[in-house]
Amino acid sequence: MITGELKNRIDGLWDVFAAGGLVNPLDVIEQITYLMFIRDLDDTDNLRAKEAVMLGLPHKSIFAEKVNVGEREIEGNQLKWSVFHDFPAGKMYSTVQEWVFPFIKNLHEDKDSAYSKYMDDAIFKIPTPLLLDKIVTILDDIYAQMAQIKDSDIRGDVYEYLLSKIAQSGLNGQFRTPRHIIRMMVEMMDPKADEVICDPACGTSGFLVAAGDYLKEKRKEEIFFDRQKKAHYMNGMFHGYDMDRTMLRIGAMNMMTHGVDNPYIEYRDSLSDQNPDKEKYSLILANPPFKGSLDYDTVSADLLKVCKTKKTELLFLALMLRMLRTGGRCAVIVPDGVLFGSSTAHKAIRKEIIENNRLEAIVSMPSGVFKPYAGVSTAVLVFTKTGHGGTDKVWFYDMQADGFSLDDKRTEIKENDIPDIVARFHNLSAEEGRERIEKSFFVPKAEIVANDYDLSINKYKKTEYVAVEYPSTTEILAELNELEMAITAGLAELEEML
C-alpha cells in the first residue's frame, strides 16, 4: 500500500493535472502512463544492456544511433528521459510532443500487435510546456522516492494506486484486484514455461503481468536460455481481452514495460459470439466483473446452455470452462453468492464444475480485501477442466487476514494467511485429517452434493465452543448486595456533605 510522503507526491501530481485543466481521471491516468512508460523505456533499456553484458549476449539499444520519426531522422539519444528531462520547459515540450511521443506510438514493428493497435489513437494531451515540466519534475521525485523504499513491488504498488483513482472517480465501476491477492493466485497455480495464459477480463493486465514476473523469477534460465521458449514467452503466452480501449492501451504498455514484447491483448466482449475461443488455454487467471446483468441477446448461446442466466459472474465461469483445454487450470475470484446462490443457474454452474470437471479448492476471503473500493465478500475458486469429472474432495481455506487491516485504511499488519495458503495448497496430502475447526480442511464431494452443491465454507466449518464456568446464583446475588450497600453508604456520605 502507498502511504506517507510517496502518497502525498502522487496526490500532488494529480492536483497538478487538475490545475492544468486535465480533470478527467481516464485522461490523467493515460498521460501519466505514457510518461511513466517513456521513463521506464530508458531504465529498461539500460537494464537490458547490463544483463546482456553479464550474460555475454548482444544488445542493441532502442535509442541507438539515429531514429526515424516521421520523415525526420534524429539522434536516438535525444529521446531518452534521462536526457530531455534536463531541457528547458519549451524545448522539453517540443521534444516530447514532436519526437518522443511519435517514437513510442511507432515503437513496435509489428503493426498487428496489441501495442500498435491501441497506441494508434493515443493522443498527447498535456497542454503547456510549464505543465509538462512540473509533471516531469514530480515524476522524477516519485521515482527517487520509490528507489529509497526497499520493496521489489513498490513500482507496481505506485501504479496500482494511480489506477485506483479511476475506481474512485466512479466513471466505470471498475476496481483493481490487490496485487498481493493476484500474486497469491499466481503462486498457487505455479505457471510453467509452456503455458498459454488468458484473462478474459484483463483490464490493465494485472494478472498477466504477475504471471510474467513469476515466470521470470522462478523459471528464468529455463525460458530465457531457450530460444523457442523465450519466443513463446514474448509472443504467444499471454492473452487478454477487455471492452475498454483505455484499459487495453494501459494494459499493453504495462506488459511491454514488464518485458513482454508482443502480448495478445484485444478488444473483445468475452461473453458474446465475438469470442470464438474453445479449448485454447492451459491457464486462466481472472477477476471478472460481477456487478450487473446482461441481455440474453448479447450472450453467446453455448454459454446459456450451461447456465441460463443474465448474471456475469456465472456466465464467466461457463466461459472459462469452454476456453480451457482439457487439463487446463483456472483460478478465479467470485462473489460469495456464487458459492451458495439457490437459483437454478447458480446450482447448474456449481454442478457443472463439480460433476464434469475437478474442483480443487475454495479460498474464502474476508470482505475487507477490496476496501476501500468495495466491501463485497469474495472467494477464489481453483479448478481443472477434465470434461469427465474427477472431484472427490474439495479443499477449503478460511482466510482471516491478508497482511492488511480490513478497514478502509488497509494499513499493513503482521497477521497474514497468504503464505500459509500457498504452502498448504502445494502440500495437500498433509491436509488429510485436519479438523473442521481449523482454517483449512477437506470436504468430500458426497457431502457437497447432499448440500445442493453449496460451496460456502460456513456450511462445513465447525465452531469449537469452550465451556465457560460462571459463579452460582447465590454468589452473584451476594456480590450485588455488597455493591448496593457500598452505593448506599456513598450516597449517605454525600448527603452529610451537603
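User: How many helices and strands are there in the protein?
Analyst: This is a predicted model, in which local features need pLDDT of at least 70, side-chain atom pairs count only at pLDDT 80 or more, and totals for chains, interfaces and linings use all residues. Residues are numbered from 1 along each chain as its sequence is written, and side-chain values use heavy atoms, without hydrogens or water. Elements are DSSP runs numbered from the N terminus: helices are H or I of at least four residues, strands are E of at least two. The protein has 19 helices and 13 strands.

User: What share of the 498 residues counts as buried?
Analyst: Buried means under 20% relative accessible area, exposed over 50%, and partly exposed in between, with a 1.4 Å probe and protein chains only. The C-alpha atoms fill a box of roughly 100 × 80 × 50 Å along the principal axes. Of the 498 residues, the buried share is 51%.

User: Which residues does serine 270 contact, leaving aside its neighbours within four places in sequence?
Analyst: Serine 270 sits in the loop between strand E5 (264-267) and strand E6 (281-286). Its relative accessibility is 4%, so serine 270 counts as buried. Contact means heavy atoms within 4.5 Å. With those neighbours left aside, the partners are Pro200, Tyr241, Asn275, Phe316 and Leu319.

User: How far apart are the closest N and O atoms of glutamate 5 and arginine 9?
Analyst: A salt bridge is a side-chain nitrogen of Lys or Arg within 4 Å of a carboxyl oxygen of Asp or Glu. Glutamate 5 and arginine 9 are four residues apart in helix H1 (residues 4-19), so about one helical turn separates them. Glutamate 5 is partly exposed at 41%, and arginine 9 is partly exposed at 27%. Their salt bridge has its closest N and O atoms at 3.4 Å.

User: Why do residues three or four places apart in an α-helix point the same way?
Analyst: The reason lies in the helical repeat. An α-helix has 3.6 residues a turn.

User: How many residues apart are glutamate 217 and arginine 183?
Analyst: Their side chains meet in a salt bridge, 3.0 Å from N to O. The pair links distant parts of the chain, with glutamate 217 in helix H9 (residues 206-218) and arginine 183 in helix H8, at a separation of 34 residues.

User: Are aspartate 277 and arginine 268 buried or exposed?
Analyst: The side chains of aspartate 277 and arginine 268 meet in a salt bridge, 3.0 Å from N to O. Aspartate 277 has a relative accessible area of 7%. For arginine 268 the value is 6%. Both residues are buried.

User: Which residues of helix H8 are buried?
Analyst: Helix H8 covers residues 179-189. Just after H8, aspartate 190 takes a positive phi of about 45°. The buried residues of H8 are Ile181, Ile182, Met184, Met185, Val186, Met188 and Met189.

User: What accessible area do Met54, Leu55, Leu57 and Phe225 have together?
Analyst: Patches take residues with over 30% relative accessible area and no salt bridge, joining like charges within 9 Å and nonpolar side chains (Val, Leu, Ile, Met, Phe, Trp, Tyr) within 5 Å. Leucine 57 lies in the loop between helix H2 (25-55) and strand E1 (66-69), and is partly exposed at 47%. Areas come from the Shrake-Rupley method with a 1.4 Å probe, and for residues only the protein chains shown count as cover. The four residues form a nonpolar surface patch of about 480 Å².
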